[in-house]
Amino acid sequence: MKKVRKAPVMAVLALMLAFMAACSSNGNDDNGAGNDTSKPSESANANNGEAADYTFGEGQTFRSSEPVTYSMMYSDHENYPYKEDWRLWSAIQEKTNVSFDLSITARTEYENQKSLLVNSGDAPYIIPKTYDESAFVASGQIVPVSDWVQYMPNYMKAVSDWGMEEDLKAKLKEDGKYYVLPGMWEVAGGGYSYIIRKDVFEAAGVDVLGQEANWTYEEFYEAMKKVKEHTGAKYVISDQFKGESTLNIAAVQYGVTGGWGISNGLAFDHDKQEFYFADASEDFKAYLQYFNKLVQEGIMDPESFTQEDDTARAKFFKGDTYVINGNYQLLSDFKSKMQVDGELYMIVQPGGPKGKLQIETSRLENGIMIAQRALDELGEEDFIKMLRFIDWFWYSDEGQTLALWGVEGETYTKDAEGRIVLNKDIYYNGMNEGAPKQLNVDYGFAGGMFAYGGTAKLKTSKMTEGEQDYFNRILSTREPRKLAPPIMATAEESEQMNLIMTPLIDYIKTMTLKFITGQESLDKWDSYKAQVEANGSTRYTQMANDVFQKTKSKLGY
């Protein structure tokens with residue numbers, strides 16, 4: 001094992017304090033740096049600089065003096081399948097002297113394979129693209145990485161400079177630690193909204209640009225009603241994603257949960273500092289009444305909640321409908337597939353009873369788990385070395401730019417103001433339509449395994465002019481939301497809560513569809529509330545609040 005020189009004690013202590021703040025520790029010995037022998041020692045240099053056989057730190061390229069290989073899981077995406085000769089791999093190796101021993105798995109099987117390898121103790125050292133690490137914590141096969149982030153200077157700088165402490169609370173488990181290194185953005189994204197036929201809305205007398213900043217869902221309804229009267233269309237909106245995205249983004253403005261974001265049906269009252277069950281509230285009833293009105297008045301196609309995405313898109317492409325939910329990448333794609341002339345435009349998400357709120361508030365992305373096997377086999381000092389490579393690749397501006405855009409002078413250049421300019425013969429994300437090469441397919445850059453997280457400048461660099469406009473409209477007209485605290489339950493508590501939650505949420509999903517489409521009358525609202533209660537909503541909410549009361553000091557409440 002190679003020796004790494006010790007850091008000055010004060011420097012280590014300073015970084016430990018920064019680490020503790022980043023993790024929102026309650027200051028007890030079992031959660032801080034303390035005397036816990038399970039924590040890393042001070043044997044590795046925590047400052048920027050040069051260790052025994054590698055360089056690292058803010059503003060420096062990680063580089064090992066000797067070639068090193070790290071094992072890593074890799075999710076192979078069918079739209080840009082793995083190639084051994086991608087420029088990505090050689091570019092990383094040239095800069096850092098690091099290569100990978102990849103465990104390649106088809107994207108559709110990645111989660112299953114991850115579970116198999118982690119639970120067996122045979123997982124590769126680095127496990128990227130992890131959305132939810134909860135199932136792996138109890139196994140002991142994943143490193144509590146919050147114990148080690150003080151050795152990652154770029155990561156710690158992002159936490160400090162961008163004020164990520166509140167965001168990171170969402171990753172804490174009942175022991176006050178977190179087990180995944182999340183991708184972190186300086187600013188939240190634009191998220192999903194509604195792609196509309198702006199030309200048709202304006203022909204119907206709707207001042208889209210003048211009204212959208214102040215639109216609520218009710219005013220959006222009035223606008224769609226004008227479009228229906230003007231066009232005589234059977235439906236104005238026929239949605240994709242089985243309505244899941246629309247239900248999700250509207251739920252935010254009504255103070256409830258639904259669609260992709262239904263989760264456990266809980267909302268958090270920040271004034272009272274307690275959870276309450278939102279999906280049987282009067283707010284939830286109003287939310288259902290809104291969509292039921294759209295369906296009953298022929299504004300929204302009831303098939304929105306059952307049809308396949310391609311069916312919804314075909315209706316929009318043919319000009320039979322004028323609104324569809326999507327993100328900006330889909331807007332770029334849709335423009336080339338329209339079968340009728342028209343101007344597509346992505347509106348800012350409408351507001352609602354709870355205000356005009358930003359949908360995307362968390363700045364965290366999927367992240368990286370580290371297998372306990374890596375620490376066991378590498379030993380502490382070489383484990384820290386691997387972390388510092390991860391710190392460079394996933395959290396330094398240089399590494400993030402490489403993962404997203406590739407090699408300057410080969411795949412991109414910079415203009416006089418330092419902005420990224422993708423080579424004209426390369427296509428990416430709506431840029432250089434019709435170019436013969438693709439940044440992800442032909443070079444391996446801009447893939448979902450590595451290219452997430454970074455500065456606001458890097459985030460906007462991958463946006464077309466139209467997407468930047470959409471993004472800026474959200475930031476200037478919509479208010480950020482407070483984040484709800486995580487429910488830091490033990491494995492036993494989580495199991496008990498899941499036994500209640502699974503049938504409860506299944507029932508709510510079923511009834512949501514029935515109420516919206518009119519299969520069940522909202523006159524039976526009291527019966528619905530009674531059944532939600534019978535399915536355990538009060539018990540579940542009480543358990544969530546009990547867990548919160550036990551752990552809130554770790555969260556800074």
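Is D53 buried or exposed, and what is its relative accessible area? D53 is buried, at 8% (buried means under 20% relative accessible area, exposed over 50%, partly exposed in between; 1.4 Å probe, protein chains only).

This is a predicted model, so local features need pLDDT of at least 70 and side-chain atom pairs pLDDT 80 or more, while totals for chains, interfaces and linings use all residues. Numbering runs from 1 along each chain as its sequence is written, and side-chain values use heavy atoms, leaving out hydrogens and water.

**View A. D53 pairs up with K385.** Their salt bridge (a Lys or Arg side-chain nitrogen within 4 Å of an Asp or Glu carboxyl oxygen) has its closest N and O atoms 2.9 Å apart. D53 sits in the loop between β1 and β2 and K385 in helix α14, so the pair ties together parts 332 residues apart in sequence. K385 is buried too, at 6%.

**View B. E133 meets K171.** Here the N to O distance of the salt bridge is 3.3 Å. Both partners sit in loops, E133 between β6 and α4 and K171 between α6 and β7, so the pair ties together parts 38 residues apart. E133 is buried at 1%, and K171 is buried at 15%.

**View C. K315 meets E303.** This salt bridge spans 3.1 Å, N to O. K315 belongs to helix α12, with E303 twelve residues away in the loop between α11 and α12. K315 counts as buried at 18%, whereas E303 is partly exposed at 41%.

Conventions:
Helix = DSSP H or I, 4+ residues; strand = E, 2+ residues; numbered from the N terminus.
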